[in-house]
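Me: I have a structure here that I would like to understand. Could we go through it together?

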Amino acid sequence: MEKIFENLVKDAKHILIISHVNPDGDTLGSMCAMYSAILTQYKKKSEMLVPSAIPGIYNFLPNIEKVKILSEFDKSREYDLVITVDVAALDRILEAQILFDKAKHTVNFDHHQTNINFGEVNFVEPHACSCGEVVFKIFEKLGWQINKDTADALYTAILTDTGGFRFENTNPASLEIASKLVAIGVVPKEIYNNCYESKTKSVVMFQNYAVANAHFSEDEKIAYSVILRKDIEKFGVKDSATDGIAETLRSIISTQISFVIKEIDSKTCKVSMRSKKEDVSKICEVFGGGGHKYAAGCTIKLPIKEAVKKLLQEINHEKN
Ligand code: AMP
Ligand code: MN
Ligand code: MN
């Protein structure tokens, strides 16, 4: 199947690589790796597209400055090949679906168990730690050259989706690939510093506020933080500042399920859910979302108070 992908790349004149909304290190790292691998192998410049703003910490990724944002993108364009990376479902690329639907060919690289193989060609491996792992394996099978730029981007994808090689998805493949990438020239400390020690003061203050004001079920097995629009505005942070709060709440010994619910507008909320044992992707699927067993998300079209109530009901229903 990888040969089909290679031929599509060879034959395509215009290639577009798309990441998911609220982009994280895996989708951005996989996208930048795909860009630089195609450039190295075929001297072809692809275009890169994000559906929403890139968190500032990822500005170190090679070629990230070439990424265009959907709100400023010409959606009338037609591409020979559209590649999605780390996109669990097509609604995660928002209106970029127009570009996907119009493309002559589509390839879907992903590792979410809820992915329905929406591409013409699909590389979906639910057991892979990250999309970066899926992408690396295809490059390796094809014998594509992995230079320092590609390696830095892939290492970022694997590092961030394994939570710094700590989560349950840290497997022999993720460590083996990381080792190969370090041999190519990746400096782990540099990528670590960029991903985990480059937060702005306001983000740290905001996250501490969110944790200090968290709610707990009576048995303290459910921990959650409710983030209102006005909180985000008060601290002057971007929406991505909520990344990591659900993990902090899960780190409490009594917590079984944690979540962060963020008000997007008066009728829309975004949920990030984490667990130690329960399959939270099932809970998020009830609300039209998905993800992985221990890390999932969804968007709920309700005012935040009602959404919290519905979520707690669903969690209690699932747990009992
Ligand atoms: P997040 O909480 O946004 O960090 O997402 C946790 C995991 O769930 C990631 O792997 C996401 O790709 C996935 N995810 C988040 N929201 C959705 C959604 N609406 N549909 C499918 N997967 C999602
Ligand atoms: Mn992701
Ligand atoms: Mn991922």
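This is a predicted model: local features need pLDDT of at least 70, side-chain atom pairs count only at pLDDT 80 or more; totals for chains, interfaces and linings use all residues.

Me: Which residues of helix α1 are buried?
Reply: Phe5, Glu6, Leu8 and Val9 are buried in α1, which spans residues 2-11. Buried means under 20% relative accessible area, exposed over 50%, and partly exposed in between, with a 1.4 Å probe and protein chains only. Helices (H or I, at least four residues) and strands (E, at least two) are DSSP runs, numbered from the N terminus.

Me: Why do they line one face?
Reply: Seen down the axis of α1, the buried residues fall within an arc of 160 degrees, so they line one face of the helix. The arc is that of the directions from the helix axis to the C-beta atoms. On the other side of α1, Lys3 and Asp11 are exposed.

Me: On to ligand 1. Which residues come nearest?
Reply: His112, Ser272, Arg274, Gly290 and His292 come nearest, of 14 residues around ligand 1; a residue counts as near if one of its heavy atoms lies within 4 Å.

Me: Which polar atoms of Ser272 and Gly290 lie by the ligand?
Reply: For Ser272, a polar side-chain atom lies 2.6 Å from an oxygen atom of ligand 1. For Gly290, a polar backbone atom is 3.2 Å from a nitrogen atom of ligand 1.

Me: How much of ligand 1 does the protein cover?
Reply: On its own, ligand 1 has 480 Å² of accessible area, and the protein covers 87% of that. Such areas come from the Shrake-Rupley method with a 1.4 Å probe.

Me: Which element gives the most to the shell?
Reply: β12 does, with 4 residues.

Me: New topic: where does Asn169 lie?
Reply: Asn169 lies in the loop between α5 (148-161) and α6 (172-184).

Me: Is Asn169 buried or exposed?
Reply: Asn169 counts as buried, because its relative accessibility is 17%.

Me: Which backbone oxygens does its side chain reach?
Reply: The side chain of Asn169 reaches the backbone oxygen of Asp161 at 3.0 Å, and a polar atom of that side chain lies 3.0 Å from the backbone oxygen of Cys129.

Notes: Residues are numbered from 1 along each chain as its sequence is written. Chains are lettered from A and ligands numbered from 1 in the order in which they are written. Side-chain values use heavy atoms; hydrogens and water are left out. A polar contact is a pair of N or O atoms within 3.5 Å; within protein, one must be able to donate a hydrogen and the other to accept it, and residues adjacent in sequence count only if both atoms are side-chain atoms.
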